[in-house]
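Please keep the sequence and the structure in view while reading.

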Amino acid sequence: MLPVNQILQRNIALFNQGKWLFINPPDADFFPLCLTSNIHVLHQTVDVFNKATNTNKAYAFDSRDIVEQPNKLRVSAQVGLHSHEFAPFITSGNFDQALLFMPKSKSQFSMLMHMALSHMNKDGCLYIVGDNKSGIKSITKLMQPFGNVEKVDSARHCTLLCLTLEKQVSSFNPNDYLKYATYELGEREWECASFPGVFSEGALDEGTALFLQTLPLPLHGRTLDFASGAGVISCFVGKALQHISCDLLDVSAIALYCAAHSLKENQLHGTLIAANGLQGVTQQYQCILTNPPFHTGTKTDYAIVTEFINTSVNRLKKGGNLYVVANRFLPYTDQLKTKYSQVDVLAQNNKFSVYKCA
């Protein structure tokens with residue numbers, strides 16, 4: 001088990017009483033240890049949701065529905081006493097206790113803490129668990145305005161904290177954390193939404209800029225924006241080519257939530273797909289565009305892109321093209337050549353390479 005699960009196992013008696021909310025467990029390995037506990041789990045990533053519910057599906061949503069009714073971006077499943085929910089946020093329910101797995105940034109932690117506390121019963125307890133390198137040791141000041149904070153345990157290079165709620169918390173409105181930024185590239189401008197924890201939060205990163213400068217327009221046919229994030233690539237392409245039909249795929253519910261708002265800001269709409277890589281995706285595309293992730297949490301993880309390369313060729317129509325931007329140090333060229341008949345470098349600088357794969 002992961003170290004965070006090991007420290008929870010040491011404190012397994014905590015989960016014997018009350019109604020629990022778990023937020024963003026990193027895997028599904030802990031649930032078999034507490035089968036008799038009453039737990040509702042919010043998964044903001046679909047990969048762990050699918051593992052916890054023993055499924056391997058992709059889920060499609062209309063971006064217009066998400067803007068009008070955020071609850072539409074939601075998939076639920078029951079496994080014994082555990083109810084699992086893939087969604088960007090918790091919007092209903094009250095809980096005696098909550099367990100928040102430490103996210104990658106303090107801004108994301110503050111948002112998730114606010115969300116959790118707004119659904120806590122009086123005198124409820126919010127537990128936070130995380131690797132000591134995750135920043136968990138420095139979040140006490142963010143928690144103290146809401147109640148008493150104590151260290152419950154420290155083991156396996158992890159820490160388990162407890163916040164006992166002593167102050168009423170205002171209702172949680174996700175749009176309070178939603179921000180918009182204007183992106184510029186050459187003569188083109190477009191808007192994008194951003195949220196704590198979403199890649200490229202409020203700024204156009206260098207790799208995506210090179211990718212968009214290089215992308216040969218116009219594109220034709222149905223297009224997939226893989227690992228779309230907040231929709232930076234799709235909105236750029238959509239504004240340049242109003243006729244194009246674009247699907248946006250990401251593992252993250254909050255990224256897809258942002259993408260829905262980004263599309264609306266640019267008078268666009270599209271199909272949002274929640275999927276772990278391309279698992280469960282059956283649609284064929286003329287074009288796939290991607291600035292793929294190569295991290296799991298804070299660790300470099302080549303498996304994400306390797307799996308994508310191995311499966312992407314099956315999602316392209318004959319004569320279709322894959323366009324990829326990647327850090328130059330990443331070993332993707334040889335992998336691409338094992339699956340694609342032609343791999344060309346369209347652009348390159350000292351940090352990034354843009355590939356066209358036919």
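A hairpin of 3 residues joins strand β19 to strand β20; helices (H or I, at least four residues) and strands (E, at least two) are DSSP runs, numbered from the N terminus. The model is predicted, so local features need pLDDT of at least 70 and side-chain atom pairs count only at pLDDT 80 or more, while totals for chains, interfaces and linings use all residues. Residues are numbered from 1 along each chain as its sequence is written, and side-chain values use heavy atoms, with hydrogens and water left out.

**The sheet that contains the hairpin**

- β19 and β20 run antiparallel and are joined by 5 bridges; two strands pair if DSSP finds at least two bridges between them.
- Within this pair, D344 stands opposite K356 of β20.
- β20 (residues 352-357) also pairs with β18 (residues 316-327) in the antiparallel sense, over 6 bridges, and here N327 stands opposite F352.
- Of the 6 residues in β20, 5 are buried, where buried means under 20% relative accessible area, exposed over 50% and partly exposed in between (1.4 Å probe, protein chains only).
- These strands belong to an open sheet of 8 strands with mixed pairing, in the order β3-β14-β13-β12-β15-β18-β20-β19.
- Because β3 (59-62) and β19 (343-348) stand at the edges with a single partner strand each, one side of each has no neighbour in the sheet.
- Neighbouring strands of this sheet are turned by 20° against each other on average, direction ignored; axes are lines fitted to C-alpha atoms, for helices over the stretch in contact, and angles run from 0 to 180 degrees between N-to-C directions.

- β8 and β9 pair in the antiparallel sense over 8 bridges, and the bridge partner of E150 in β9 is C162.
- In helix α1 (residues 3-10), V4, N5, I7 and L8 are buried.
- These four cover an arc of only 160° around the axis, which puts them on the same side of α1; the arc is that of the directions from the helix axis to the C-beta atoms.

**Aromatic rings and a buried serine**

- The whole structure holds 18 aromatic pairs; rings of Phe, Tyr and Trp (its six-membered ring) pair if their centres lie within 6.5 Å, and planes under 30 degrees apart count as stacked, over 60 as edge-to-face and the rest as tilted.
- The ring centres of F195 and Y257 are 5.9 Å apart and the planes lie at 85°, so this pair is edge-to-face.
- Since F195 lies in the loop between β11 (188-194) and α6 (206-214) and Y257 in helix α8, the pair ties together parts that are 62 residues apart in sequence.
- Both F195 and Y257 are buried.
- S262 is found in helix α8 (residues 253-265) and is buried, with a relative accessible area of 0%.
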